[in-house]
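This report goes through a structure of paired chains, shown below.

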Amino acid sequence: MKTIRILHMYADMLDLYGDSGNMEVISFRCKKRGIECIIDKYSIDSEMPDFSSYDLIYIGGGADLEQQHISEDLLKCREGIVKAYKNGTFLFLICGGYQLMGKYYRDADGNEIKGLGLFDYFTVAPNSRRKRCIGNIVIETGLTGKPVKVVGFENHGGQTQGVKSTFGKVLYGNGNCSKSEAEGYCEKNVIATYLHGPCLSKNPEISDYMIEYCVNRGEKEHISLEALDDTLEKDCRQVMLDRLLKSR
Amino acid sequence: MKRLLILIGKIIVKLLKLMHRNAGNLPGIVLWHLSRHKAVSMFKVDCPIIAVTGTNGKTSVTNCIAQLFERSGKKIIINREGNNLDTGICSMLLKYCDMSGKVKADYLILETDESHVPVVYSQLKLDTLVVLNFFRDQLDRNGEMETLIQKINGFCKTFEGNLILNGDDPNTARLGRANPHNKNVKYFHAEPYAFATKKIFEASEGRFCPFCGEALEYDYYQYSHIGKFICKKCGFGNYEPYITARDIDLEKPVFTAGGHTYSPKLNSIYNIYNMTAVAAAAKLYNIDQDITDGVINSYTVKNGRMENFMLGGSKATLNLAKNPVGANMTLRVMNEMQGEKELLFVLNDNIADGLDVSWIYDINFSIFQRVTRVVTSGTRAYDIAVRIKTAGYDPAKIVVRPDLDKAVEELASTQGRKFIIANYTAVQPTRSALKRYIAKHGGNR
């Protein structure tokens with residue numbers, strides 16, 4: 001049986017808006033295919049893990065206060081995470097996780113939280129806590145090789161700028177900044193996004209892109225994933241696409 | 001100016017009445033604008049005000065406290081329609097005040113939305129604030145949990161009145177330290193019930209000490225993050241309870257509080273907490289014990305809070321779940337019950353629900369026991385179906401019926417015990433659909 005190993009970082013602190021649901025989706029889809037999915041957790045004061053031994057590192061979103069709490073700890077992990085990323089470990093980052101991999105995050109009170117600086121973007125929250133990008137969002141991404149519409153829910157104050165390669169084009173909602181055209185950041189082995197919902201719940205192609213990537217790490221011959229019955233998930237997404245895109 | 005505003009407000013209330021419309025928020029919203037956002041400041045209230053806030057249980061506790069005074073022969077004013085924002089409270093006071101804005105009563109008992117506590121009570125003098133709990137609820141409306149607690153904490157810093165706090169919820173208990181000079185902080189507490197756990201069972205808030213950041217340690221969890229906690233580093237959680245619920249037996253159901261035994265009608269742990277808060281208020285205001293007995297032992301709820309219906313020959317229990325905690329509680333009650341059952345889950349994403357439905361991933365569906373079929377409905381019928389599927393439930397046993405009447409018919413198409421969970425804006429339409437079904441096919445409420 002093929003095994004994939006995931007490190008879920010700060011699950012106890014960064015778990016707003018059902019972000020842990022993403023892990024449930026991945027493990028559900030692995031189980032259906034007979035792929036063993038091991039999810040280890042790392043949090044503040046855990047023993048320093050061997051980041052490179054994981055196929056995927058996952059970080060969710062949290063409130064400002066929690067983000068401040070973890071940022072110091074995250075910086076201690078910098079070397080290990082950079083090495084893992086260079087070794088091809090997949091980074092899946094939601095909201096706060098996304099922001100903290102950039103250069104910095106400046107919160108509504110002007111406090112600057114240092115990011116890992118793995119990528120060039122940076123995030124600034126507006127002075128008023130009331131100004132947030134909140135609502136359903138639809139983007140179109142080409143990450144998987146063909147255009148896929150991804151539906152989620154965004155809720156962020158931070159405005160992320162200086163993104164070189166975006167996750168997708170915004171069809172409905174805000175994206176990286178208020179009323180912006182693009183959403184998230186991505187590379188072959190990185191998805192960083194503001195999409196909660198949880199993000200993977202009704203976007204099976206994105207889950208499978210990551211699972212396929214993980215399964216094929218270190219393999220000489222390409223392993224394809226067995227197709228699953230995603231009728232419910234796709235119907236679910238279609239209902240939202242019909243509602244959001246047709247209302248324009 | 002004040003008199004003019006009150007006159008305008010009263011005219012709007014009258015006009016709405018002539019049009020057979022309930023006043024609701026509208027007069028308050030108009031006055032809110034005219035008074036530059038100080039809608040409640042124009043009222044003169046000399047009697048004590050008791051406010052009840054928290055995520056879950058506000059309506060129940062407000063009603064019970066009101067009854068304590070009502071049955072004691074006092075004249076009370078209460079916001080019964082659940083108008084718990086500043087504008088709603090303003091609309092309600094407009095109906096009761098004279099032309100100078102004077103409100104005459106012995107007590108005002110006001111259910112108050114968590115985010116509106118500072119706004120309302122910076123304008124009206126508060127005698128007692130009861131804080132029940134803070135859970136993740138409609139986050140996208142209120143901003144983040146911590147911001148909300150900070151707001152109320154800010155208010156408590158200068159508040160010197162009575163503060164009745166749930167001592168088993170770190171999110172509310174922390175308010176007791178906001179003003180070190182306030183001698184009137186009173187905690188209510190409950191000893192473990194039969195289903196209390198050593199480990200946390202459901203997604204929750206407040207796992208860390210708000211004062212020193214240390215992980216909180218729990219003797220037991222009653223549900224979600226509610227339980228006996230302590231911070232080993234700074235001692236947060238080490239307080240002397242004002243009143244303690246013990247010998248809780250939900251089978252009967254009975255419990256003792258302040259040395260007196262009660263037999264409430266509702267058999268959930270949350271009701272025990274709510275009623276303990278009521279007992280704390282009764283103790284504080286020296287309510288006659290017979291009256292307190294009468295209130296606590298007779299309190300029951302309709303409006304979709306553990307409300308029973310007969311669909312033909314099948315018993316169906318409807319419960320409102322605005323958030324994961326509410327949903328998890330219903331699932332627990334369902335699981336603790338023997339025999340097979342079916343579930344209808346109605347999920348809407350209207351503005352009042354919070355547009356975001358991701359909270360359904362904080363519901364612990366993996367504990368489903370003897371659930372033979374699930375029907376889903378509401379504007380997000382598919383989302384809840386996908387969620388239940390992802391938890392490992394057989395998708396072949398899930399039926400999606402976005403239309404509520406069809407969903408109820410589907411649910412009632414088989415015999416046996418039924419449970420229905422509906423979120424905020426889904427509850428009333430679900431009740432109506434159930435009543436329509438009963439009218440057509442038989443059964444009763």
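Predicted model: local features only at pLDDT ≥ 70, side-chain atom pairs only at ≥ 80, totals over all residues.

Residues are numbered from 1 along each chain as its sequence is written, and chains are lettered from A and ligands numbered from 1 in the order in which they are written.

The predictor's confidence in each residue is given as pLDDT, from 0 to 100. Helices (H or I, at least four residues) and strands (E, at least two) are DSSP runs, numbered from the N terminus.

| Item | pLDDT value |
|---|---|
| Chain A, mean | 93 |
| α2(A), lowest mean among the elements of chain A | 83 |
| β12(A), residues 182-183, highest mean among the elements of chain A | 98 |

In chain A, 98% of the residues reach 70 or more.

Two residues are in contact if their C-beta atoms, placed from the backbone, lie within 7 Å. Chain A gives 28 residues to the contact and chain B gives 25 residues. On the side of chain A that touches chain B, at least two residues each come from α1 (21-32), α2 (64-76), β8 (133-141), β9 (148-156) and α6 (231-246). The largest share of that side, 5 residues, belongs to α6(A). By class, the side has 11 nonpolar, 10 polar and 7 charged residues; Ala, Val, Leu, Ile, Met, Phe, Trp, Tyr, Cys and Pro count as nonpolar, Asp, Glu, Lys and Arg as charged, and the others, Gly among them, as polar.

In chain B, helix α9 (residues 269-284) has 16 residues and spans 23 Å from first C-alpha to last, close to the expected 22 Å (1.5 Å times one less than its number of residues). Of its 16 residues, 14 are buried (20 or more other C-beta atoms within 10 Å; exposed is 12 or fewer, partly exposed in between). Asn286(B), which follows α9(B), has a positive phi near 50 degrees.

A nonpolar core is a set of buried Ala, Val, Leu, Ile, Met, Phe, Trp, Tyr and Cys residues joined through C-beta atoms within 7 Å. The largest has 87 residues, and Leu93(B) and Ala277(B) are among those with the most contacts inside it. Its largest share, 11 residues, comes from α9(B). A second, separate core of 66 residues includes Tyr10(A) and Ile70(A).

Asp230(A) lies in the loop between α5 (204-215) and α6 of chain A. Asp230(A) counts as partly exposed because it has 18 C-beta neighbours inside 10 Å.
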